[in-house]
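Trainee: I would like to learn how to read aromatic contacts in a model. Can we work through one together?

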Amino acid sequence: MEQAALLKEKVHSGFMVERIEDMNDEYLKALKQTLVIVGDTELLSVPPLLTVYDQAPTLNSKITALAIMQDEIGHAHIAYRLLKDLGEDVDQLLYERPANRWKNPYAFDFPLSNWIELGVFNAFFDRAGYTLLGDAFEHTSYGPWKRALVKVDKEELFHLRNGEIIMKAAMENPETREQVQQAADWMFLMGLEFFGVADELKSRSAQLDYKLKGRTNDQLRQKWLSTCVPFCESIGVKVPARYDEETQKYVITVPFPCKFDTENKRWLFDQPDTWDGVIARFKQRGPLNEEFVARIQQGAHEMADLRKEVG
């Protein structure tokens with residue numbers, strides 16, 4: 001049996017990969033790609049949150065937001081530390097990579113407009129993180145990551161619960177109900193996009209073949225919908241999805257994917273798109289992509305310049 005087939009059989013039989021020596025090149029490449037996406041997503045979730053941090057309505061809210069941001073930086077550190085152990089130059093990855101080469105979700109290239117959007121951000125996007133990383137924790141064949149995800153899983157649940165609390169309280173206040181709906185209107189489909197292209201269009205299967213994840217993109221999307229939609233319905237937030245009894249799945253009630261008006265943060269439901277179009281939009285990046293990445297890299301660049309001066 002060839003090496004790749006043998007490793008695939010072993011991990012699906014319960015073998016846990018612990019060292020580079022346990023991997024083949026295909027496994028290592030897929031693992032590195034996965035960890036870069038995870039690290040970038042965790043780290044670049046922080047700059048959008050900081051855009052409204054000073055709008056926290058209470059000291060407790062501010063402390064909670066800071067705790068969430070600290071968690072996210074810690075989660076990013078886990079992914080980058082694992083990459084370092086796998087031979088990657090993490091300093092180059094973090095501080096020399098151009099902004100448009102980062103692998104964070106498109107939604108994280110936008111500023112938040114108000115404190116309510118921070119709540120929807122947590123409730124929708126951290127729910128996506130909880131769904132994705134929960135699947136990895138349950139299924140991954142890479143032992144060091146599985147052990148690290150014990151902590152991450154619990155903290156992502158805390159983040160999404162914070163978002164639910166903010167959303168629920170805002171929906172009970174007539175002055176902020178509309179802000180919740182407006183935030184959900186643009187963030188809901190962004191949450192759906194977190195999980196990637198539709199299954200029938202996905203060309204690479206290494207993550208599933210080597211058991212780095214356990215569910216397909218569409219299965220993970222359904223899992224996210226199965227908790228997000230009932231929550232929104234329970235507090236009176238309208239979202240373009242419903243449960244279909246006949247298929248026993250959640251269905252999207254608007255064109256998905258569809259084009260997005262970046263300037264006004266608005267979906268153009270009269271302009272359906274393809275996943276190729278979505279990927280092209282992702283590659284173009286959002287409006288604050290360069291600013292947010294520069295914020296991450298600023299300290300390292302300033303220190304490098306100072307060393308040159310005192311050289």
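Mentor: Start with a group of rings. Tyr 106, Phe 110, Trp 186, Phe 260, Trp 267 and Phe 282 make up one aromatic cluster. Rings of Phe, Tyr and Trp (its six-membered ring) pair if their centres lie within 6.5 Å. The model is predicted, so local features need pLDDT of at least 70, side-chain atom pairs count only at pLDDT 80 or more, and totals for chains, interfaces and linings use all residues. Residues are numbered from 1 along each chain as its sequence is written, and side-chain values use heavy atoms, leaving out hydrogens and water.

Trainee: How many aromatic pairs does the count come to?

Mentor: The count comes to 18 aromatic pairs.

Trainee: How is a pair of aromatic rings described?

Mentor: By the distance of the centres and the angle of the planes. Planes under 30 degrees apart count as stacked, over 60 as edge-to-face, the rest as tilted. Take Phe 256 and Trp 275: 5.6 Å centre to centre, 90° between the planes, edge-to-face. This pair links distant parts of the chain, 19 residues apart. Phe 256 sits in the loop between strand S2 (249–252) and strand S3 (258–261), Trp 275 in helix H11 (residues 275–284). Helices (H or I, at least four residues) and strands (E, at least two) are DSSP runs, numbered from the N terminus.

Trainee: Is Trp 275 buried or exposed?

Mentor: Buried means under 20% relative accessible area, exposed over 50%, partly exposed in between (1.4 Å probe, protein chains only). Trp 275 is buried, at 8%. Phe 256 is partly exposed, at 23%. Across the chain, 51% of the 311 residues count as buried.
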